[in-house]
Amino acid sequence: MKNLLLATALTTPFLALGNAASAEIYKFDPGHTEIRFTYNHAGLSDQNGQWKIIDGEVDFDANDIAATKVTVTVDAASVDTGVGPLDEHLKSGDFFDVENFPTITFISTGVEQTSDDSVTLVGDLTIKDITKPITMSFKLNHQGAHPLGDFFDYYKGEWIGVQGSADMLRSDFGVGMFAPVTSDEVTLSISAEMRAGGWE
């Protein structure tokens, strides 16, 4: 029976979940939340990087998807491409200027449900004190008990798992050096697990 309930939770759409769900504040699991960026390097290859320190919360109620609120704060200095000299350059005044602008933030301004398990999230992205709207597409992978909750106390409680993406122009945010030789367009990809109430 437990396995049947779990399988149902994994495949149940937003609207059906709303029959049993209520509003909760979900906190990001830092070990299983990633914000990655992908860009094209001079037409030769696609390259990736990520930020490793992420904080924030999601106010989510499956009964009222449009009321969802999302806030995210990223430590700009935690940028990691796997290439030390590149990381240091990205932290410099040529790009993110982390000494003067230590955080990157996103605050949602609207949500629209686009399918049973997908939404479009609109919000304000701020980099280097430049704020512009971006639109992100998200898919709900899971809502309910975590499959590992029976094995680890850390995973007990209610969880949601999401993945999303958005395209943006880095030059819009003051980090446009070498564009368009190295692509101005960057894809942000987010994969996150979140626990209701976080951890006390």
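## A tour of the chain, strand by strand

The chain holds three helices and 10 strands, where helices (H or I, at least four residues) and strands (E, at least two) are DSSP runs numbered from the N terminus. This is a predicted model, in which local features need pLDDT of at least 70, side-chain atom pairs count only at pLDDT 80 or more, and totals for chains, interfaces and linings use all residues. Residues are numbered from 1 along each chain as its sequence is written, and side-chain values use heavy atoms, with hydrogens and water left out.

**Whole chain.** Colour by secondary structure and read along the sequence: the pattern is α-α-β-β-β-β-β-α-β-β-β-β-β. Of the 200 residues, 40% count as buried (buried is under 20% relative accessible area, exposed over 50%, partly exposed in between; 1.4 Å probe, protein chains only). The accessible area of the chain is about 10,700 Å², and carbon and sulfur atoms account for 55% of it (Shrake-Rupley method, 1.4 Å probe; for residues, only the protein chains shown count as cover). Taking contacts between residues at least 6 apart in sequence, 60% join residues at least 24 apart (contact means heavy atoms within 4.5 Å).

**Strand β3.** Select residues 54-60. Ile54, Gly56, Val58 and Phe60 form the covered face of β3, while Asp55, Glu57 and Asp59 form the uncovered one. Val72 in β4 is the bridge partner of Gly56.

**The core.** Select Trp51, Phe96 and Leu125. Within the largest nonpolar core, which has 43 residues, these three touch the most other members (such a core is a set of buried Ala, Val, Leu, Ile, Met, Phe, Trp, Tyr and Cys residues joined through side-chain atoms within 4.5 Å). Strands that each supply at least two residues of this core include β6, β7 (118-127), β8 (130-145) and β9 (158-169). Its largest share, six residues, comes from β10.

Stay on Trp51. Beyond neighbours within four places in sequence, its contacts include Ile35, Phe37, Val74, Phe96, Ile104 and Leu188.

**Last stop.** Select Glu99, in the loop between α3 (84-91) and β6 (103-115). Is Glu99 buried or exposed? Glu99 counts as exposed because its relative accessibility is 73%. Draw a C-alpha to C-alpha distance from Glu99 to Ala77: the two are 8.4 Å apart in space and 22 residues apart in sequence.

Technical notes
Two strands pair if DSSP finds at least two bridges between them.
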